[in-house]
Every structure is written in C-alpha cells, then in structure tokens.
2 protein chains.
Amino acid sequence: MRRDATHSCVISQQEVQSFIERCLTTVGAKPHHASSLAEVLVTADCRGHYSHGLNRMDMYLKDIQTGVCAVEGEPVVEKESAATALVDGNNLLGPVVGNFCMNLAIRKAKEVGIGWVVAHGSNHFGIAGYYSMQALKENMIGMSFTNTSPLVVPTRGKERTLGTNPLSVAAPAKHGDSFVLDTATSAVALGKVELNERRGDPIPDGWGCDPEGHVTTDPKSVLTGGGLVPIGGSEATGGYKGYGLGMMVEVFCGILAGAQYSKYVRTWKVTDRVANLGQCFVAINPENFAPGFNERMSDLLSIQRDQDPAEPGSPVLAPGDPERLNMKKCEEIGGIPYHINVVKYIVRTEKCPTLSIQLLPCDNVVSV
Amino acid sequence: MRRDATHSCVISQQEVQSFIERCLTTVGAKPHHASSLAEVLVTADCRGHYSHGLNRMDMYLKDIQTGVCAVEGEPVVEKESAATALVDGNNLLGPVVGNFCMNLAIRKAKEVGIGWVVAHGSNHFGIAGYYSMQALKENMIGMSFTNTSPLVVPTRGKERTLGTNPLSVAAPAKHGDSFVLDTATSAVALGKVELNERRGDPIPDGWGCDPEGHVTTDPKSVLTGGGLVPIGGSEATGGYKGYGLGMMVEVFCGILAGAQYSKYVRTWKVTDRVANLGQCFVAINPENFAPGFNERMSDLLSIQRDQDPAEPGSPVLAPGDPERLNMKKCEEIGGIPYHINVVKYIVRTEKCPTLSIQLLPCDNVVSV
C-alpha cells in the first residue's frame with residue numbers, strides 16, 4: 001500500500017540498530033551497552049510502538065551527554081537467594097540493567113522454577129514487553145514492571161503521585177505463538193492526550209483530569225496542571241482498580257528495590273538529576289507446574305481469537321496480536337516504516353551531527 | 001447510629017463463625033475445614049464484602065450436600081522446588097486449598113525469598129484478599145489469584161470466555177498498616193448489574209455488553225445473553241487492558257495449574273459437576289530485597305492519603321482503606337451488622353433447618 005511516498009520511508013532493522021549504536025557510542029556509551037539500547041528501541045518500532053523507539057533516542061543521548069546516566073561499570077547483585085536478587089543498576093542505561101536482571105531471573109527459574117529480581121539505580125528501559133518476552137525464548141512466563149515519572153492522579157485526588165507504571169506479562173504457547181500483555185496502568189499514555197491537543201480535538205471522558213482532579217475532556221487542562229487517570233477512568237467506572245494496579249507496580253519496583261518512588265521520581269523529560277528508577281523482572285518456569293502448559297496456552301488464545309466478533313471484520317485479538325501484525329508487516333517490506341519527519345528529526349539532531357542513516361530504495365516506501 | 005431497627009441486626013463475629021461451622025459440619029464437612037470456610041466468610045462480612053460472606057454460605061453447603069465438593073482428605077503437593085509448588089486441591093472447599101497453598105508459599109518465602117504455589121482441583125475460595133493478607137502476618141507481600149465461572153466478554157467479542165478473575169496483592173506498612181488491593185478484572189461484579197436490574201435502573205456505560213457484544217446501559221441484556229466487560233469498559237476507554245489482565249490471571253491459574261480454564265469452567269451457580277478451579281498463591285519476603293520496606297510502604301500510602309482531595313470531605317483512600325473502615329465499625333459495635341433479610345434467609349434455609357443464630361441485644365442494632 002503506497003499512499004504518500006513523500007511522508008514515509010522504510011529503514012532496515014539492521015540499519016536502525018547500527019545507527020542507534022553509532023549515535024550512542026559517539027556520545028560515550030560502551031558498544032555492548034549501545035547495542036542493548038538499540039535492540040530495545042528497534043523492537044519497539046517493529047512492534048508499532050513508535051513512541052518508545054527511534055523517536056525517543058535523543059532522550060537517552062541527552063542523559064548520557066549530560067552525565068546524568070552512567071556509561072562505566074556493569075549492574076551488580078547486592079543480595080541474592082536461589083530465587084531472588086536485589087540488583088544495583090549503577091545508574092546505567094535501562095536496557096543494560098533490564099537485560100542483566102531478566103537474564104538472572106531466567107537462570108534462577110531454570111534452577112528453582114521462579115526468579116524474582118528487582119533493581120534500583122536504573123533508568124528508562126523502553127518497552128516493558130522487551131524483557132518479559134526474553135523469557136519466551138526459554139519457554140517460560142516472563143514479567144517486567146517499572147515505575148516512571150509521576151503523571152497519574154489517584155482516584156479522588158488532584159496530585160500526580162504515580163507514574164504510568166507499566167507492567168508486561170508474556171507466556172509461551174505452541175509453535176512460537178504467545179500471549180504478550182504490555183500495558184501502562186494509566187487509562188492512556190500522555191502522548192495520546194498530546195496528540196489530541198495538537199489536533200484541537202477533545203479527549204474521551206476517562207483519559208485525564210484537570211488540576212482540580214475532575215475528569216475532563218479538555219486535553220490542555222490535563223497537560224497543564226492536571227494529569228492522567230488510572231485504567232478504568234473515573235471512580236464510577238472503576239478507576240480505583242487501575243489506581244490500585246499502579247500502586248502494585250510501585251510496590252514491586254520503587255518500594256521493594258529501595259529506589260525513588262511515587263512523586264519523588266524525577267519529572268518527565270526533566271533530566272536534572274539521576275533517575276534511580278525501580279524495576280522488577282520475573283521468570284516462571286511452567287515445567288515446575290502442570291504438564292501441557294503450551295497446549296493450554298494455545299487453546300486459551302484460540303478461544304478468544306476464534307469467537308464471532310461483535311463487528312464482522314474486526315476479529316477478537318489476543319494481547320500481543322496487534323504487535324505481531326506490525327512485525328509481520330515489517331518483515332514483508334524488509335524494514336521499519338517511519339514517518340519521514342521522525343527520521344529527519346533524528347538525523348539532524350544536534351547530538352549526532354555527523355551521522356547519517358541509510359534509507360531503503362524508494363520502491364519500499366509505504367504509508368505509515 | 002440507629003435508623004431502622006427492624007431492618008438490621010448485629011451478630012458477633014464469634015457467633016457467625018460458629019453458626020457457619022455448625023451448618024457445614026451438619027452437612028458433613030470436617031470441623032477444621034468448616035472452620036476455614038467460616039473464617040473467610042466472616043472476614044468478608046467484616047470488611048464489608050457482604051456478597052462474599054454469610055450471604056453465600058448456602059452455595060458451599062449445596063456443593064457439599066450434593067457431593068460435588070469433597071469433604072474427605074487434604075490437599076496434596078504434587079510437584080515442588082525450593083520456591084514453587086503444584087498442589088492438587090483434591091476438590092476440597094476453596095478455603096481449605098487456599099490456606100494450604102498460602103501457608104506453603106509463606107514457608108518457601110521464608111527460605112528463599114519467594115513462594116509461588118498453584119493449585120488445581122479447587123473450589124470457590126471466597127475473597128481473594130483473605131489469602132494475600134495472610135502474608136501480612138509474616139511481614140511479607142502476599143498475592144492470590146483465582147479463575148472463576150465465565151461471565152466476561154473479551155474486547156471485540158460477544159462470548160463469555162473469561163471469568164471475573166480476581167487478583168489480590170497485600171503489602172505490609174508500619175504499625176500494622178497495609179496496602180490491600182482486592183479486585184476483579186471485570187469492570188464490576190455481576191451483583192451490581194443485578195441490583196440495578198432489580199431497581200429498574202440503567203447501568204453506567206462501561207459495565208456490561210449485550211448478546212451482540214455492544215456495550216449497553218440495559219442491565220437486562222447484560223444478564224440475559226450478554227456479559228460483563230473488563231476493567232476499562234469499551235475498547236475506546238481501554239477495556240483491552242482489563243481483558244489482558246483477566247487473561248493474565250487465567251494464565252497463572254487454570255493454565256499454569258492444569259485446571260479448568262476460560263469457557264470450560266462451569267457456569268456460575270450451576271453445580272452440576274466438579275469445579276476444578278485453578279488458583280495461584282504467592283508470598284514475597286521483603287527481607288530479601290532493600291532494607292526499609294515498611295517505612296517506604298507507609299510513606300507511599302501517606303502520599304496518596306494526605307493529598308488534597310478533589311472533593312473536600314471525600315479523602316483519597318489507599319486500596320484496603322474502605323475495608324479497614326468497615327472493620328473498625330464492626331469492632332465499635334461489637335459485631336457485624338446484617339440486613340435482617342439476609343439472616344432470615346440463611347437461618348431458614350432448608351439446608352440447616354435445625355440451626356439458629358444468636359442475635360446481639362437490641363441495643364446494638366444499627367442501620368446497614
């Protein structure tokens with residue numbers, strides 16, 4: 001499908017990966033750290049989560065250039081049992097800490113059926129789903145959680161005292177199929193509200209609240225002094241459930257790990273001080289439980305997908321299916337379709353003035 | 001506060017406990033099994049969750065009288081590691097299985113920091129919060145999950161292929177304070193829809209859908225062929241997040257434990273066959289992670305509770321606070337306030353024709 005060749009372009013995954021690596025090492029990151037970050041961002045873009053991909057590279061570059069995020073050293077285990085670990089992320093890039101912890105959790109799950117690893121001293125780790133999905137490679141259930149900058153107002157409150165605190169759970173089915181839940185515990189991401197504001201559109205009831213804590217349809221008041229509301233929206237529609245889930249993520253992250261938490265996490269996009277995020281990584285080995293896990297998982301997915309949809313032509317999806325469709329599309333066109341402005345912005349960014357990125361031949365141009 | 005002495009009465013916790021025990025043993029339950037169930041139901045009533053308390057005793061009695069739920073034997077560990085266990089609940093009462101599993105999880109968490117225990121062959125276990133809260137006594141984080149009869153329609157679907165699949169997470173703060181999240185992954189409980197239908201009131205948008213899978217405000221169409229929708233309501237307001245969380249609970253329960261799952265779980269209130277529910281119980285020992293857990297938990301709770309509320313006089317609550325207020329009220333009046341019809345219904349039930357229940361003196365009568 002070609003709609004407007006001037007607005008989009010396709011870049012191969014390898015090229016995006018190597019471009020991000022070059023940018024990161026240029027500002028001082030170690031090659032294997034740069035590679036870890038690049039892989040998380042490329043995965044986000046392939047899965048269609050552009051808000052967490054190449055588009056956000058400058059945030060990581062800035063953190064390293066200003067010295068707010070460290071480039072030396074590796075994460076360190078501070079406390080450990082057969083099934084648990086507390087890790088000091090040593091203020092390294094989030095994906096460096098995330099990979100270290102998830103690998104450790106998987107090793108423990110191989111030994112004793114479960115690994116529950118938490119880290120303090122971490123940074124923004126990209127999409128939570130990247131880490132939970134590492135467990136799929138070992139035919140295990142994976143989970144990941146992170147706290148984030150305060151943006152969410154609790155039910156009945158008017159202060160931003162929780163982050164969008166995402167959680168991800170991945171579980172393997174047969175033949176490479178899987179369940180991948182990757183969701184913020186806020187009703188929506190801040191980016192969605194920003195998009196409506198830029199377009200001059202109101203937001204649906206149940207996305208955000210104004211500075212007085214009242215649910216509003218005005219995106220501007222959400223962005224200036226108000227905040228996002230938890231999954232479920234207002235109290236009447238069950239927002240207190242999402243609020244509780246957001247706190248649960250904080251308990252597993254900042255509270256359990258002894259990192260920053262709640263309103264003490266630094267303000268979103270303000271990188272005046274070390275983030276010291278708390279994160280949690282879990283692997284569970286189905287072999288320690290009832291035989292036939294993969295078969296039941298496949299059946300559970302089929303039960304949802306194969307039912308008659310409410311709207312013909314709009315089939316019931318399992319968590320992870322929209323992302324799977326995106327990855328298939330990228331495979332078919334041989335790269336990741338980007339809006340040309342994203343690429344221009346990234347390539348021209350002052351942080352990497354001498355770097356260029358290789359676009360695929362025009363034939364591959366598609367609409368995004 | 002006395003409003004209408006004819007509509008309510010107070011019964012001491014001890015009396016409710018002993019009444020339920022007497023009813024259960026009369027139909028053949030072992031005394032210590034009856035006691036386990038009674039304690040869960042009394043706890044639910046004290047916490048204000050009347051839908052899961054004495055009011056539901058006849059369901060358990062019927063299960064035992066018809067032989068659909070077993071009275072002989074104890075739960076058995078089928079597979080075990082230092083941190084995990086798979087338990088066969090042997091079709092015993094849910095609380096018997098739940099207590100067995102939660103105690104096992106706590107013992108493992110004392111040894112290796114975490115215990116993750118799943119059970120098949122279980123039955124309805126009452127409020128999920130009862131089990132997660134057991135961990136608080138050991139200053140640990142507790143979690144519990146159960147699958148339930150299919151009542152929830154997945155986003156974009158029109159079939160009831162998931163239960164209300166509740167989850168509970170409890171975490172200890174200082175001086176006996178705590179965080180207790182106990183929530184279904186549906187937007188609301190079926191009982192709320194039934195209540196509106198009985199009153200002739202519409203339901204809010206985002207509680208349920210009609211038989212064609214469209215979100216509706218007509219409670220009757222939810223109850224006759226439609227279903228509940230997940231936390232978040234419609235797709236536009238984020239219902240797919242609640243749908244994913246409901247599936248997550250099923251992964252931890254029916255899928256991991258090898259129990260019934262999804263649409264195969266028996267229909268709600270139809271006890272024609274063994275339930276074979278799947279349940280999951282987790283204990284996490286904060287001592288295996290960063291020091292100062294209780295202090296941070298208390299602070300996290302204070303940050304939420306102490307902020308200026310959106311509506312003066314309607315303070316921000318932490319998960320578990322409404323239940324704490326209810327327990328305090330019960331303590332003050334020396335018992336549990338019940339609507340008189342609930343007591344009449346229960347005492348007159350054919351199942352226990354010869355049993356009576358001791359009401360407290362009239363002075364204690366309060367409105368409920």
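This is a predicted model: local features need pLDDT of at least 70, side-chain atom pairs count only at pLDDT 80 or more; totals for chains, interfaces and linings use all residues.
1. Start with the helices. In chain B, helix α1 (residues 13-26) packs on helix α3 (residues 57-65), with about 20° between them and their axes 10 Å apart. Angles under 35 degrees count as roughly parallel, so α1(B) is roughly parallel to α3(B). As for handedness, α1(B) and α3(B) cross in a right-handed way.

2. Who does the touching? From α1(B) come B:Phe19, B:Ile20, B:Cys23 and B:Leu24, and they meet B:Met57, B:Leu61 and B:Ile64 of α3(B). Sorted by class, this contact of α1(B) with α3(B) has seven nonpolar residues, no polar ones and no charged ones.

3. On to the sheet in chain B. It is an open one with three strands, ordered β9-β8-β10 and paired antiparallel. β9 (215-216) and β10 (227-228) of chain B are the edge strands, each pairing on one side only. Strand β8 (residues 208-209) of chain B is tied to β9(B) by two bridges, running antiparallel. Opposite B:Cys209 you'll find B:Val215 in β9(B).

4. Now chain A. Its three strands also form an open sheet, in the order β9-β8-β10, with antiparallel pairing. β9 (215-216) and β10 (227-228) of chain A each have a single partner strand, so one side of each has no neighbour in the sheet.

5. Still in chain A, have a look at the β10 side. Two bridges connect strand β8 (residues 208-209) of chain A with β10(A), and the two run antiparallel. A:Cys209 has A:Gly227 as its bridge partner in β10(A).

Definitions and conventions:
Residues are numbered from 1 along each chain as its sequence is written. Chains are lettered from A and ligands numbered from 1 in the order in which they are written. Side-chain values use heavy atoms; hydrogens and water are left out. Two strands pair if DSSP finds at least two bridges between them. Helices (H or I, at least four residues) and strands (E, at least two) are DSSP runs, numbered from the N terminus. Axes are lines fitted to C-alpha atoms, for helices over the stretch in contact, and angles run from 0 to 180 degrees between N-to-C directions. Angles under 35 degrees count as roughly parallel, over 145 as roughly antiparallel, 65 to 115 as roughly perpendicular and the rest as oblique. A crossing is left-handed if the near helix is turned anticlockwise from the far one by less than a right angle, and right-handed if clockwise. Contact means heavy atoms within 4.5 Å. Ala, Val, Leu, Ile, Met, Phe, Trp, Tyr, Cys and Pro count as nonpolar, Asp, Glu, Lys and Arg as charged, and the others, Gly among them, as polar.
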